[in-house]
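User: I have a model open and have not looked at it before. Can you take me through it?

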Amino acid sequence: MTSPETTSPEPASPRTTSPKTTSPELTAPENVRRVACVGAGVIGGGWVAHFLARGYDVTAWDPAPDAGRKLRRLVDAAWPALTSLGLAEGASADRLTVTDTLEQAVAEAEFVQESAPEKLDLKRDLLARLDSATPPGVVIASSTSGYPMTDMQTTAADPSRLVVGHPFNPPYLIPLVEVVGGERTDATAVAWAARFYEVAGKSVITMDNEVPGFIANRLQEALWREALHMVASGEATVRDIDLSITEGPGLRWAVMGPMLTFALAGGEGGMAHMLDHFGPSLKSPWTRLEAPELDKELYDAVVAGCDEAADGRSIADLVTERDRGVIEVLRATGRLDREEDSR
Ligand SMILES: NC(=O)C1=CN([C@@H]2O[C@H](COP(=O)(O)OP(=O)(O)OC[C@H]3O[C@@H](n4cnc5c(N)ncnc54)[C@H](O)[C@@H]3O)[C@@H](O)[C@H]2O)C=CC1
Ligand SMILES: C[N+](C)(C)CC(=O)CC(=O)[O-]
């Protein structure tokens with residue numbers, strides 16, 4: 001298993017001129033130059049855009065017949081946003097190579113990010129195949145939204161280098177990655193991946209245990225379940241749900257998380273007063289916890305509600321609008337300044 005060699009205390013953009021190590025298994029996170037992305041849909045494509053913008057050479061493979069064309073379209077669409085954020089020295093969309101086979105994609109990779117469909121058997125087989133094709137010691141991360149690595153690493157010959165690196169859409173703008181290993185993952189692979197993501201410009205949460213759904217998806221899922229219940233029962237429209245967050249708590253959450261935000265609800269008394277004051281309402285029936293049945297009626301109501309909320313804007317229009325808004329929030333909350341300082 002690769003050892004994390006964290007020689008530099010600060011995350012750094014990958015340089016393009018340093019000699020490439022001949023032993024991929026010994027590559028320190030700071031020295032990685034070539035990343036492979038396997039599965040190039042919404043998330044894999046977003047990872048490709050992110051790594052290109054950070055100055056890496058990227059190889060990508062996806063079995064869909066038109067995957068290369070779609071991937072380049074996604075990268076082209078993301079590039080203006082990435083340019084406005086600031087590209088790493090030498091970064092270029094031309095440093096993407098779409099390969100014909102998975103084996104070609106990972107042959108010289110120093111890190112592999114898997115972003116194939118969320119199906120357990122597919123992930124198991126794919127991770128085993130990636131493990132046999134990737135140079136020894138190179139860490140392989142899965143973008144899974146919720147499968148524990150323990151359940152996905154069952155058939156790989158070397159499960160010790162398999163980790164979860166759970167991103168947020170789009171990976172080229174949302175900083176967070178949740179990193180966790182499985183029962184058979186070596187702790188050094190988890191540490192190596194966490195450090196690599198930091199060097200690659202991400203904000204990392206490392207989990208010691210396999211929390212089902214990780215941290216952020218557990219939180220999002222609770223909110224999502226309540227939202228679906230309210231639509232199913234006619235208590236709120238899709239528009240009400242979205243407005244309740246974008247005009248309400250969502251504005252605060254980009255600045256402070258739910259914990260510090262609620263500490264301020266206690267005024268001078270902070271969280272202690274907040275708990276004394278509002279603690280009893282935790283017992284009120286404010287949440288349903290059980291997921292609603294995703295029957296045809298609810299499915300149709302949510303899809304129709306989103307179409308109505310889009311109000312004629314295409315998915316591409318919405319992606320542009322989201323990217324612009326996220327960049328403004330990153331800028332307004334000082335995150336871009338911090339990024340620039342650490343380069
Ligand atoms: N969509 C989202 O918001 C997020 C998704 N994820 C995770 O990322 C992963 C990918 O999800 P999406 O990009 O949304 O799906 P997607 O459907 O957009 O893309 C999946 C891609 O995988 C390709 N593919 C199919 N079989 C494959 C195989 N055997 N090997 C390699 N590639 C294969 C497909 O051709 C497709 O291009 C999933 O594990 C998902 O849970 C994680 C965070 C957010
Ligand atoms: C919808 N989702 C569960 C796939 C979302 C994620 O996993 C993370 C995100 O981007 O919100």
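User: Which residues does Ala40 touch, not counting residues up to four places away in sequence?
Analyst: Ala40 touches Gly45, Val48, Ala60, Asp62, Ala67 and Leu71. Touching, or contact, means that the C-beta atoms of two residues, placed from the backbone, lie within 7 Å.

User: How are you numbering things, and what kind of model is this?
Analyst: Residues count from 1 along each chain as its sequence is written, while chains are lettered from A and ligands numbered from 1 in the order in which they are written. The model is predicted, so local features need pLDDT of at least 70 and side-chain atom pairs count only at pLDDT 80 or more, whereas totals for chains, interfaces and linings use all residues.

User: What is the mean pLDDT?
Analyst: The mean for the protein is 90, and 91% of its residues reach 70 or more. pLDDT is the predictor's confidence in each residue, on a scale from 0 to 100. The model also scores ipTM 0.99 and pTM 0.91.

User: Where does pLDDT stay under 50?
Analyst: Over residues 1-24, for which the model has 54 contacts beyond four places in sequence. Where pLDDT is low, the predicted coordinates should not be read in detail.

User: Back to Ala40. Is it buried or exposed?
Analyst: Ala40 counts as buried because it has 28 C-beta neighbours inside 10 Å. The cut-offs are 20 or more other C-beta atoms within 10 Å for buried, 12 or fewer for exposed, and partly exposed in between, with C-beta atoms placed from the backbone. Ala40 is in the loop between strand E1 (34-38) and helix H1 (42-53). Helices (H or I, at least four residues) and strands (E, at least two) are DSSP runs, numbered from the N terminus.

User: And where is Ile43?
Analyst: Ile43 is in helix H1. It is buried, since 24 other C-beta atoms lie within 10 Å. Ile43 touches Ser115, Ser143, Pro167, Asn169 and Pro171, leaving out residues up to four places away in sequence.

User: Which residues come nearest to ligand 1?
Analyst: Of the 23 residues around ligand 1, those are Gly39, Gly41, Ile43, Ala64 and Ser145. H1 and helix H4 (120-133) are the elements that give two or more residues to this shell, and H1 gives the most, with 3. A residue is near a molecule or strand if its C-beta atom, placed from the backbone, lies within 6 Å of it.

User: What surrounds ligand 2?
Analyst: Ser145, Phe168, Asn169, Asn217 and Gln220.

User: Which peptide bond is cis?
Analyst: The one from Asn169 to Pro170, with omega near 0°. Pro170 lies in the loop between strand E6 (162-166) and strand E7 (176-181).

User: What about phi at Phe214 and Asp311?
Analyst: Phe214 has a positive phi of about 60° although it is not a glycine. Asp311, also not a glycine, has a positive phi near 50°.
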